[in-house]
Amino acid sequence: MHHHERHDGTGYPMGLAGDEIPEFAKVIAVADAFDSMTSDRSYRGARPVPVALDELRRSAGTHFDPVMVAAFIRALEREPWQPPRRVDPPPPEVAETQIKDHDDPTMPIQVVTGP
């Protein structure tokens, strides 16, 4: 619930800051951002790992807890991470009906009702 809170208090859903943010949410925030930056999205290609790490460093102290960013970077130095191989997107008819990227801001919100 709180992995979109920001270290400086400008995040959501509650505007928590610093130590108010649960520790697990701070960990997830860094990992989720790294995953998002280094994964192909429907609206852009994956960024290289060094570029993603630079962005985490720049955002430490404002967006992310600097302790968590430092720990994440140390972990990657011990155990380097390789992005998954690039996968060709599905044909348009499949993409339209079966694939939804919840992080894609161009995708309309889909409300599902019923059982």
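Helices α1 and α2 pack with their axes 9 Å apart and at an angle of about 140°; helices are DSSP runs (H or I, at least four residues) numbered from the N terminus. Axes are lines fitted to C-alpha atoms over the stretch in contact, and angles run from 0 to 180 degrees between N-to-C directions. The crossing of the two helices is right-handed, a term applied if the near helix is turned clockwise from the far one by less than a right angle. The model is predicted, with local features requiring pLDDT of at least 70 and side-chain atom pairs pLDDT 80 or more, whereas totals for chains, interfaces and linings use all residues. Residues are numbered from 1 along each chain as its sequence is written, and side-chain values use heavy atoms, with hydrogens and water left out.

On the α1 side, the contact (heavy atoms within 4.5 Å) is formed by Val30, Ala33, Phe34 and Met37, which meet Val49, Ala52, Leu53, Glu55 and Leu56 of α2. Eight of these residues are nonpolar, none is polar and one is charged. In this classification Ala, Val, Leu, Ile, Met, Phe, Trp, Tyr, Cys and Pro are nonpolar, Asp, Glu, Lys and Arg are charged, and the others, Gly among them, are polar.

Ala31 also lies in helix α1. Ala31 is classed as partly exposed because its relative accessible area is 31%, the class between buried (under 20%) and exposed (over 50%), computed with a 1.4 Å probe on protein chains only. A distance of 9.7 Å separates the C-alpha atoms of Ala31 and His3, which are 28 residues apart along the chain.

Points are joined across faces, edges and corners, and a volume is the space filled by probe spheres set on them.

The second largest pocket holds about 380 Å³. Its lining comprises 18 residues, of which His4, Asp32, Ala33, Ser36 and His63 are the closest to the centre. Both α1 (23-37) and α2 (49-59) give two or more residues to this lining, and α1 supplies the largest share, five residues. By class, the pocket lining has six nonpolar, six polar and six charged residues.

One cavity of 30 Å³ or more was found. The largest cavity has a volume of about 70 Å³; among its 13 lining residues, Glu5, Lys26, Ala29, His63 and Asp65 are the closest to its centre. The cavity lining divides into five nonpolar, four polar and four charged residues.

Key: 1 Å grid on protein atoms, 1.4 Å probe; cavity = no way out; pocket = protein on both sides within 12 Å on 5 of 7 lines; lining within 4 Å.
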